[in-house]
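User: I would like to learn how to read a structure feature by feature. Could you take me through a few of them slowly?

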Amino acid sequence: MSTAQVAWISIAPVKGLSLNQAREIELRSFGVAENRRFYLVDDEGRMVSGVRLGRLVQVAADYDEEEGLLSLGFPNGDTVSGTVDVGDRVTTSFYGRPVEGSLVAGPWSGALSDWAGQPVRLVRSDESGAGADRGPGGGITIVSNASLDALARAAGSDERVDGRRFRMLFGLDGLDAHEEDGWLDRRVRVGEAVVVPRGNVGRCAVTTQNPETGVPDFDTLRLLKAYRGDVQTTEPLPFGVWGEVAEPGRVRVGDAVEAE
């Protein structure tokens, strides 16, 4: 086992919007309370992801779970902020899994619709952790910086691929490339918490999009198929791992990471 450390922590208060880089987080049984607590649906009630509306990644979001304060910052300098109130209840399909939530009242949906160029509505999930792709049982995701370097080499580049493309919770230093793949079903201590990776993260077209603009500019899927297509993993086109929280606790950038 290599000596590993937490290199970065990323969360997204609103699914599909810009990532926030955190210095520390409280990892709970379902993941991080502020992470993907909100999501967007279209006028037919379907979940809207970055694959459908890449330019949403240009919108910054901050959410104070304790105070219930949500702020959105747009590239033109406009800001929409306030205390979150909810209205009508909705049920949304997350890749076949039902997520219960409520439409958020106030100016946020209108501002996001204007930016997106089509009607979208902001929803707050009833349960923290429900907005993660795999639900509360998949509240953590991990990728190593060495894996990002390996992908860069596959692309013929010496510059590390931006980890924000993959929208992972934890990025780690001190591992070999794809060493995290060997942690499935093992207890891994991350700072004060213990997590158990359960599967590989299969990748979609959102990873081809520039994490600043949302415009496709990197053929991630072709590269993964070329150099990882024959790897035996739980999902196709794998890059990084997802898992559950076995023991909640505080995690900070720089904390040690060790598989037990």
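Analyst: We will go through a helix, its packing partner and a ring pair. This is a predicted model, in which local features need pLDDT of at least 70 and side-chain atom pairs count only at pLDDT 80 or more, while totals for chains, interfaces and linings use all residues. Residues are numbered from 1 along each chain as its sequence is written, and side-chain values use heavy atoms, with hydrogens and water left out.

User: How many residues of helix α2 are buried?

Analyst: Buried means under 20% relative accessible area, with a 1.4 Å probe and protein chains only. Helices are DSSP runs of H or I with at least four residues, strands are runs of E with at least two, and both are numbered from the N terminus. Helix α2 (residues 145–154) has seven of its 10 residues buried, among them L148 and L151.

User: At what angle do α2 and α3 pack?

Analyst: Two packed helices are described by the angle between their axes and the distance between the axes. Axes are lines fitted to C-alpha atoms, for helices over the stretch in contact, and angles run from 0 to 180 degrees between N-to-C directions. Here α2 and α3 pack at about 95°, with axes 10 Å apart, which makes α2 roughly perpendicular to α3 (65 to 115 degrees). Contact means heavy atoms within 4.5 Å, and those making it include L151 of α2 and L224 of α3.

User: How is a ring pair read?

Analyst: A pair of aromatic rings is described by the distance of the centres and the angle of the planes. Rings of Phe, Tyr and Trp (its six-membered ring) pair if their centres lie within 6.5 Å, and planes over 60 degrees apart count as edge-to-face. The count is four aromatic pairs; in one of them, F38 and Y63 are edge-to-face, 4.8 Å centre to centre with 90° between the planes. F38 and Y63 are both buried.

Technical notes. Phe/Tyr/Trp six-rings, centres within 6.5 Å; stacked < 30°, edge-to-face > 60°. Buried < 20%, exposed > 50% of the residue type's maximum accessible area, 1.4 Å probe, protein only. Parallel < 35°, antiparallel > 145°, perpendicular 65-115°, else oblique.
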